[in-house]
Amino acid sequence: MPMLTSRPHTRSSRLMAGFAAACLLFASNIPTASAASSVVVLAQNYLADQREAIEDMLAQLLMQQKPGDQLTVLSARGGTRIAAIAIPDKPAYQHDRHRLPLLRPAFAAIRAAMEAAVAAGAPRDGSAPGQIGLPSLIENLRYHVHNGQLRVMLVGTPIHDDRVRSPIFSMAAAIPTGNHFFRPLSQTPFGLAGREGALPAQIHWCDTETSYLNPHHQSAVRDFWSGYLAHLGGRLMTLTPDLPMCLSRFAASVTEHASVSPAIPPDAPFGMEPIPMVLTLPINTLQANQTALLAQMQLPEPQAKALAAQIRVGAVNLIEIDAYDADQQDGDIAGVTTSSGALMRIPLLRQPTRVVVPIEGNSISIVGLVDGGGGGVTLGVRLPSASSSTADIHTPRLGVGQTVRIPVRLQ
């Protein structure tokens with residue numbers, strides 16, 4: 001399949017010719033449903049390496065539009081319209097030569113929006129790129145509901161992380177409790193009081209997020225949005241990072257949905273539940289030869305002596321961890337800090353690097369030192385003894401100078 005939408009073109013006619021050729025190539029391979037009103041929401045920024053896959057998915061989505069279909073593409077920023085397509089419900093529009101003139105302007109507008117989104121880069125405040133901001137889009141989406149039905153494709157992260165307007169409600173490391181649904185918007189961005197049943201839509205979320213803390217974080221995010229949409233009268237049909245699968249489910253209007261959240265009583269606790277992010281260390285795994293591990297750290301002599309003194313009195317224990325870049329290898333560097341003033345630099349590669357780190361106060365302190373790709377320092381950690389990747393911990397995206405503490409539990 002030619003990746004037509006991600007390559008630079010010097011002439012618009014060349015771009016459209018490529019689009020026409022792609023239409024002929026893919027039209028027979030895309031599952032389609034009956035004529036429908038659909039909305040696609042694009043984030044205002046994406047990481048550069050996501051552009052090709054997203055543009056390819058959107059090009060295929062345009063190709064499967066048929067007579068009677070209406071497709072609107074919105075920006076997550078204010079719900080402004082990027083493109084709109086309405087295929088007349090006439091037999092002539094079964095043929096590409098009639099449909100292509102209607103699709104080409106939308107294709108060009110989407111491509112321009114994606115170019116701008118990638119140029120915007122990752123948010124400077126350290127929040128996750130690909131923000132959708134679903135709560136602020138509900139009113140915009142309601143306008144597109146016809147006969148009580150609407151299909152929506154969201155292309156971005158489900159980790160709501162608005163660190164400018166509502167940082168205390170960030171889902172980067174915690175999940176809102178179900179009681180948020182019963183509160184007004186004046187108390188929480190997730191408040192649905194007075195808006196119950198306002199969005200009877202089928203939601204397909206094409207997940208671009210790469211920095212879930214662990215599998216529990218990922219499932220908790222999915223379950224939260226499932227409950228949120230249920231209160232709005234809608235359903236979360238899909239939430240997957242597999243973009244071809246997301247497109248296929250959206251195009252086919254699947255009837256089974258992603259998850260069903262249990263009923264939430266109105267008096268449920270109100271707040272944010274932290275995602276468990278703990279390295280569980282068997283006591284017999286704690287290294288006995290602390291002196292040898294200290295030598296492996298290759299610290300300057302003053303810091304090494306200070307750390308040795310803390311080890312002798314039992315204030316510090318040293319362990320080995322495997323550290324790696326949890327997203328893409330782009331030059332990120334993390335550091336491990338100690339109260340003795342030591343700082344160990346850890347260049348983050350996709351292949352795990354084994355390093356010795358101190359446990360102080362039952363936790364490991366890690367700081368972001370170099371943000372190589374502009375999307376935050378993305379650190380993954382696991383114990384060498386862990387037999388499954390489900391034991392991995394991914395820290396939130398760290399800005400330069402930002403510190404996170406990973407608790408360590410002995411059992």
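This is a short walk through one chain, from its overall make-up to a few single residues.

Keep in mind that we are looking at a predicted model.

Start with the whole chain. There are 8 helices and 17 strands. The chain has 411 residues, and buried residues make up 51% of them. Now the contacts. Take those with a separation of 6 or more: residues 24 or more positions apart account for 75% of them.

Next, the core. The largest nonpolar core holds 103 residues. Which residues have the most contacts inside it? They are W225, Y228, I364 and I366. Look at W225. Beyond its neighbours within four places in sequence, W225 contacts L134, P135, P158, H160, M171, F190, W205 and L236.

On to the largest pocket. Its volume is about 660 Å³. It is lined by 29 residues, and the closest to its centre are Q44, Q131, G133, D162 and R165. Which helix gives the most to this lining? Helix α4, residues 134–142, with 4 residues.

Q131 takes us to I159. Q131 is one of the residues that I159 touches, leaving out those up to four places away in sequence. I159 sits in the loop between β4 (151–156) and β5 (174–176). Is I159 buried or exposed? Its relative accessibility is 1%, so I159 counts as buried. One distance here. I159 and T208 are 49 residues apart along the chain, and their C-alpha atoms are separated by 9.9 Å.

T395 lies between β16 (393–394) and β17 (403–410). Its relative accessibility is 2%, under the 20% cut-off, so T395 counts as buried. What does T395 touch, not counting residues up to four places away in sequence? S211, L213, M277, L379, V404 and I406.

Now helix α8, residues 301–312. Start with length. At 1.5 Å a residue, its 12 residues should span 16 Å. The end C-alpha atoms are 16 Å apart, so expectation and model agree. Next, its faces. Buried in α8 are A304, L307, A308 and I311. Why do we say that they line one face? Seen down the helix axis, the buried residues fall within an arc of 105°, so they line one face of α8. On the other side, P302 and K305 are exposed. What do the buried residues of α8 pack against? Helix α7 (290–297) and strand β10 (316–325). After α8 comes G314, with a positive phi near 80°.

Stay with phi for a moment. Q298 has a positive phi too, near 50°, and Q298 is not a glycine. Where is Q298 found? In the loop between α7 and α8. Its relative accessibility is 70%, so Q298 counts as exposed.

N362 is another non-glycine residue with positive phi, near 65°. N362 lies in the loop between β13 (353–360) and β14 (363–370). At 55% relative accessibility, over the 50% cut-off, N362 therefore counts as exposed.

I159 is buried, and T395 is buried. Q298 is exposed, and N362 is exposed. As for α8, its buried residues line one face, while P302 and K305 are exposed on the other side.

Notes. Residues numbered from 1 in each chain as written. Predicted model: local features only at pLDDT ≥ 70, side-chain atom pairs only at ≥ 80, totals over all residues. Heavy atoms only, no water. Core = buried A, V, L, I, M, F, W, Y, C linked by side-chain atoms within 4.5 Å. Buried < 20%, exposed > 50% of the residue type's maximum accessible area, 1.4 Å probe, protein only. Contact = heavy atoms within 4.5 Å. Helix = DSSP H or I, 4+ residues; strand = E, 2+ residues; numbered from the N terminus. Expected span 1.5 Å × (residues − 1). Arc of directions from axis to C-beta. 1 Å grid on protein atoms, 1.4 Å probe; cavity = no way out; pocket = protein on both sides within 12 Å on 5 of 7 lines; lining within 4 Å. Points joined across faces, edges and corners; volume = space filled by probe spheres on them.
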